[in-house]
Amino acid sequence: MLRRLLGFRFRNKTAPTLSAAVRCLSSGSVDITVPLNFWAGRRRSSQESREKENVYEPATGRVLCHLEPCGGEEVDQAVKAAKSAFGPWSKMSGMERARIMIEAAHLIESRREEIAEMEVVNNGKSITEARLDVDSARLCIEYYAGLASTLAGQHVQLPGGSFAYTRREPLGVCVGIGAWNYPFQIAAWKSAPALACGNSMVFKPSPVTPVTAVLLAEIYAKAGVPEGLFNVVQGGQETGSLLCYHPDVNKVSFTGSVPTGQKIMEMASKGVKPVTLELGGKSPLIIFKDSDLENAVKGALMANFLSQGQVCSNGTRVYVQKDVLAEFVEEVVKRTQAIAIGDPLLESTRMGALVSRPHLDKVLSFVEQAKKEGATVLCGGERFVPSDPKLKSGYYMTPCVLSDCTDDMTCVRDEIFGPVMSVLSFETEQEVLQRANNTTMGLAAGVFTRDVTRAHRVVEQLKAGSCFINNYNITPVEVPFGGFKMSGIGRENGQVTVEFYSQLKTVFVEMGDVDSLF
């Protein structure tokens with residue numbers, strides 16, 4: 001159940017600008033007069049004169065602040081700071097690192113409302129969702145703090161009393177490159193396992209949502225990490241390229257689109273650097289006729305309209321068995337039309353603004369293309385203007401349900417990354433499995449059925465890294481998250497992620513004389 005926080009929150013009926021948020025927030029730590037770059041323990045200004053970029057408030061369309069992108073000199077300074085901090089941090093015991101990480105988690109918990117509100121102002125999602133994102137970030141740091149003291153190798157007995165053992169060692173300076181849909185959460189999901197394993201990190205947020213990653217950097221610093229352990233550099237493609245090519249960077253972890261992920265993998269390959277890529281998806285959600293229809297409808301809504309549909313794992317291809325198609329569609333449309341759209345800082349809002357004007361236009365163009373190709377718009381798919389005049393320039397749209405869809409339509413093949421659900425019908429299990437797997441991506445998939453045997457049989461055959469049975473878009477930090485095929489490489493969360501932020505060293509110990517051929 002979603003919890004209602006009784007602490008500080010905005011109570012006005014319009015979404016404020018960042019400057020208003022700064023005046024209202026209890027700690028006042030977010031300041032537009034202070035740079036959003038952070039390394040070696042404090043916020044930093046660029047050494048060179050560069051054109052600043054506008055950062056917008058999605059709820060109102062107004063300029064929020066200005067981003068100062070980092071060039072080669074700034075990136076080098078941030079990496080040097082991370083390299084310097086890596087030494088003392090990697091020499092700490094896992095228990096020592098854990099204590100500091102737990103302190104960071106406590107600080108996040110104490111500032112939950114402030115961070116969530118800044119996430120809303122910068123991203124546009126509802127305050128209800130933003131709070132849960134902050135909770136996920138905190139839980140991730142707590143989880144990996146618990147794993148930090150468990151990192152261990154293996155002892156192998158060999159003939160003659162000799163033996164070998166393995167050591168799990170940190171990689172060094174890791175780079176995290178985040179996406180704009182979960183800015184604070186992604187920064188924590190990437191930094192927590194990296195830091196637990198003894199690494200340092202330079203993090204680059206999306207230039208669309210640059211604000212809250214700096215809050216995380218300040219929280220880590222206040223918790224007691226070595227100066228320079230977690231750094232934030234702002235910028236776009238050029239800054240990201242500088243990080244990937246930097247000779248002192250030992251790993252790159254990226255969340256974002258498939259084309260950008262391909263470029264990052266290519267750049268990292270020049271230095272033979274390991275990568276973690278959490279990329280796009282076009283995930284299927286299969287609803288069988290024996291499903292609990294109430295839960296199936298709720299699952300489909302969660303699979304399509306969470307965070308205004310801007311979620312890589314969304315189950316946007318909803319395959320419904322023909323026998324229950326009419327009943328399912330009727331209920332989905334009724335509930336979609338009832339979704340409260342508007343000011344994302346209001347408690348009653350369930351769908352806020354999309355992240356930017358260009359992205360809103362792109363999503364709306366997908367709906368128009370779907371209509372041209374023969375899909376039927378059952379509801380939504382239009383620009384939405386809230387009644388509050390202060391929100392009239394915000395990036396809102398009505399959530400959309402498309403029917404009469406076929407597998408060859410653009411709306412079914414391409415990732416829309418917005419609140420658009422494509423409903424397709426099917427008749428047999430074998431048929432729907434073939435259609436569900438007919439995509440180059442494989443991030444997630446879901447199935448609703450009361451037949452336990454069928455559920456596991458279908459999931460076994462779905463070509464996706466994260467699968468759901470009778471639920472959707474649940475991402476506990478204890479379990480791995482990631483994709484198959486072009487949806488990515490590696491995993492985030494869970495114990496296995498330790499393997500992606502460390503390297504294994506084998507040590508052979510001879511207890512006798514050398515047996516030489518020479």
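Figure 1. Across residues 48-507, the chain is 40% helix and 20% strand, with the end C-alpha atoms 47 Å apart. Helices (H or I, at least four residues) and strands (E, at least two) are DSSP runs numbered from the N terminus. This is a predicted model, in which local features need pLDDT of at least 70, side-chain atom pairs count only at pLDDT 80 or more, and totals for chains, interfaces and linings use all residues. Residues are numbered from 1 along each chain as its sequence is written, and side-chain values use heavy atoms, with hydrogens and water left out. An unreviewed UniProt entry lists residues 48-507 as "domain: Aldehyde dehydrogenase"; UniProt positions follow the numbering used here, feature names are shortened, and annotations may be inferred rather than shown by experiment. The domain assignment, whose bounds come from an automatic or database source, gives domain 1 (37-279) and domain 2 (284-482).

**Figure 2. The interface between domain 1 and domain 2.** The C-alpha centres of the two domains lie 30 Å apart. Their contact (heavy atoms within 4.5 Å) takes 30 residues from domain 1 and 30 residues from domain 2. About 2400 Å² is buried between the domains, and carbon and sulfur atoms give 60% of this area. Buried area here is the accessible area (1.4 Å probe) that two parts lose on being put together, summed over both. On the domain 1 side, Pro-58, Ala-59 and Trp-180 lose the most area to domain 2, together 20% of what that side buries.

Figure 3. The feature "active site" is placed at Glu-278 by UniProt, in an unreviewed entry. Glu-278 belongs to strand β11 (residues 275-278). With a relative accessible area of 6%, Glu-278 is buried; the classes are buried under 20%, exposed over 50% and partly exposed in between (1.4 Å probe, protein chains only). Leaving aside residues up to four places away in sequence, Glu-278 touches Phe-254, Thr-255, Gly-256, Cys-312, Leu-443, Phe-481, Ser-487 and Glu-492.

Figure 4. Pro-274 is found between α9 (258-269) and β11. A relative accessibility of 37% makes Pro-274 partly exposed. Apart from residues up to four places away in sequence, Pro-274 touches Asn-250, Lys-251 and Val-252. Thr-255 is 19 residues from Pro-274 along the chain, and their C-alpha atoms are separated by 14 Å.

**Figure 5. Ser-90 in helix α2.** Ser-90 is placed in helix α2 (residues 72-91). The Ser-90 side chain reaches the backbone oxygen of Phe-86 at 2.8 Å, and a polar atom of that side chain lies 3.0 Å from the backbone oxygen of Gly-87. Ser-90 also touches Arg-97, Pro-170 and Gly-198, not counting residues up to four places away in sequence.

**Figure 6. Helix α5.** The 22 residues of α5 (residues 127-148) should span 32 Å at 1.5 Å a residue, and the end C-alpha atoms are 32 Å apart, which agrees. The expected span is 1.5 Å times one less than the number of residues. Helix α5 is mostly covered, with 18 of its 22 residues buried.

**Figure 7. Positive phi values at Asn-473 and Lys-485.** Asn-473, a residue other than glycine, has a positive phi near 60 degrees. Asn-473 lies in the loop between β21 (466-469) and β22 (484-485) and counts as buried at 9% relative accessibility. Lys-485 is not a glycine either, yet its phi is positive, about 50 degrees. Lys-485 is found in strand β22 and is partly exposed, with a relative accessible area of 40%.

Methods. A polar contact is a pair of N or O atoms within 3.5 Å; within protein, one must be able to donate a hydrogen and the other to accept it, and residues adjacent in sequence count only if both atoms are side-chain atoms.
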